[in-house]
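Here's a quick briefing on the model shown below. Have the structure open while you go through the points.

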Amino acid sequence: MAHIVGIRFHGGGKTYHFDASSVPEIKKGEYVIVETSRGQQLGQVVSFLDPKTKNGRNWKPILRSATSRDLVMRQVWEKKEQKVLEECRKLAGEDKNLDEVKFVSAEFSLEGENLVFLYCYEGNDDPNLGNLLKKLKKKNPKANLELRRIGPRDSAKIIGGMGACGREVRCCTEYMTEFTPISIKMAKEQGISLAPSEITGMCGRLRCCLMHEYQQYKEAKKNLPKQGKRVNTPRGEGKVIRVNALSQKISVLLGEDGIHAFDPVEVKRIQR
């Protein structure tokens, strides 16, 4: 039975699974060499998968454990990646047609034979990068070059920086490995203001954190009357104007008697 491990190539990046039968003594935190669509890459073991859960899949094998040389070479290529990225941005800046194309990162394979530039562009059509690619090939003649488009969320994750909420590290950069669909409904369910400044992240999309507590709010509000409904309370009939799912309190407007807070067991819905 295959010995399956989860591997990440970047901190906070997506986890990919490989067959570790060739290195059965591998431990969490150790580095290995695997074959990917971008050539051989160095990755870190971050988890172990019960093979019974997905037995029968044709998992790609781990080639070998990483050596000290591999770790040093990864550092060398990382330094060069920043240099070639700056060159790419400079060349792109000379082309007015690429003003809206943002080059986010450059990634070399383990031995430097493959070089991938990741860029973000929010236009409907793909930008014309033919001239830029030719110039980049002249600058990097020994590497196989690829320009790969990514979305604004992926771009923000790679760039990092402070979150819109003020956290020093964005959630997507720090620990999120997958992006899930976010909707306005999630903000409404949690009673969050729909002002763009309140629900939009640094990527220009709805904040990922709207998802974090959505299910908890949804569950907590199951037995609470909805805002706008008429209810009977110990102080008379009124209209629900606010529902606090976390504190399990309901604010009811009782006409001239003003607004009062009640526990859910104290109010009864009026069926009309």
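Helix α1 lies across β3, β4 and β5, and its direction makes an angle of about 115° with β4. Keep in mind that this is a predicted model. The strands under discussion belong to an open sheet of 5 strands, ordered β2-β1-β4-β3-β5 and paired antiparallel.

**The sheet**

- Take the strand order β2-β1-β4-β3-β5 and look at its ends: β2 (16-19) and β5 (62-65) are the edge strands, each with a single partner, so one side of each has no neighbour in the sheet.
- Going from one strand to the next, the twist averages 45°.
- As background, strands in a sheet pair through backbone hydrogen bonds, and the pairing can be parallel or antiparallel.
- β1 (residues 4-8) runs antiparallel to β4 (residues 39-49), with 5 bridges between them. In that pairing, G6 sits opposite S47 of β4.
- β3 (residues 31-36) is also antiparallel to β4, this time through 6 bridges. If you want a residue pair to click on, Y31 has Q44 in β4 as its bridge partner.
- β3 and β4 make a hairpin, with 2 residues between the strands.

**The nonpolar cores**

- The largest nonpolar core has 21 residues, and F103, L115, F117, L132 and L136 have the most contacts inside it.
- Which elements give two or more residues to this core? They are α1 (68-93), β6 (102-108), β7 (114-120), α2 (130-139) and β8 (144-150).
- α1 supplies the largest share, with 6 residues.
- F117 is a handy place to start exploring: leaving out residues up to four places away in sequence, F117 touches V84, L85, C88, S105, A106, L136, L145, E146, L147 and R148.
- Apart from that core there's another one, made of 10 residues, including A20, I26, V32 and V45.

**How α1 meets α2**

- The axes of α1 and α2 come within 10 Å and cross at roughly 140°. The crossing is right-handed.
- On the α1 side the contact uses E87, C88, L91 and A92, while α2 brings L132, K135, L136 and K139.
- What kinds of residues make up this contact of α1 with α2? There are 5 nonpolar and 3 charged residues, and no polar ones.
- Two of these names come up again in the largest core: L132 and L136 are among the residues with the most contacts inside it.

**A look at K229**

- K229 is in the loop between α8 (214-220) and β9 (230-233).
- Not counting residues up to four places away in sequence, K229 touches G238, K239 and V240.
- K229 and K28 are 201 residues apart along the chain, and their C-alpha atoms are separated by 54 Å.

Key. Residues are numbered from 1 along each chain as its sequence is written. This is a predicted model: local features need pLDDT of at least 70, side-chain atom pairs count only at pLDDT 80 or more; totals for chains, interfaces and linings use all residues. Side-chain values use heavy atoms; hydrogens and water are left out. Two strands pair if DSSP finds at least two bridges between them. Helices (H or I, at least four residues) and strands (E, at least two) are DSSP runs, numbered from the N terminus. A nonpolar core is a set of buried Ala, Val, Leu, Ile, Met, Phe, Trp, Tyr and Cys residues joined through side-chain atoms within 4.5 Å. Buried means under 20% relative accessible area, exposed over 50%, partly exposed in between (1.4 Å probe, protein chains only). Contact means heavy atoms within 4.5 Å. Axes are lines fitted to C-alpha atoms, for helices over the stretch in contact, and angles run from 0 to 180 degrees between N-to-C directions. A crossing is left-handed if the near helix is turned anticlockwise from the far one by less than a right angle, and right-handed if clockwise. Ala, Val, Leu, Ile, Met, Phe, Trp, Tyr, Cys and Pro count as nonpolar, Asp, Glu, Lys and Arg as charged, and the others, Gly among them, as polar.
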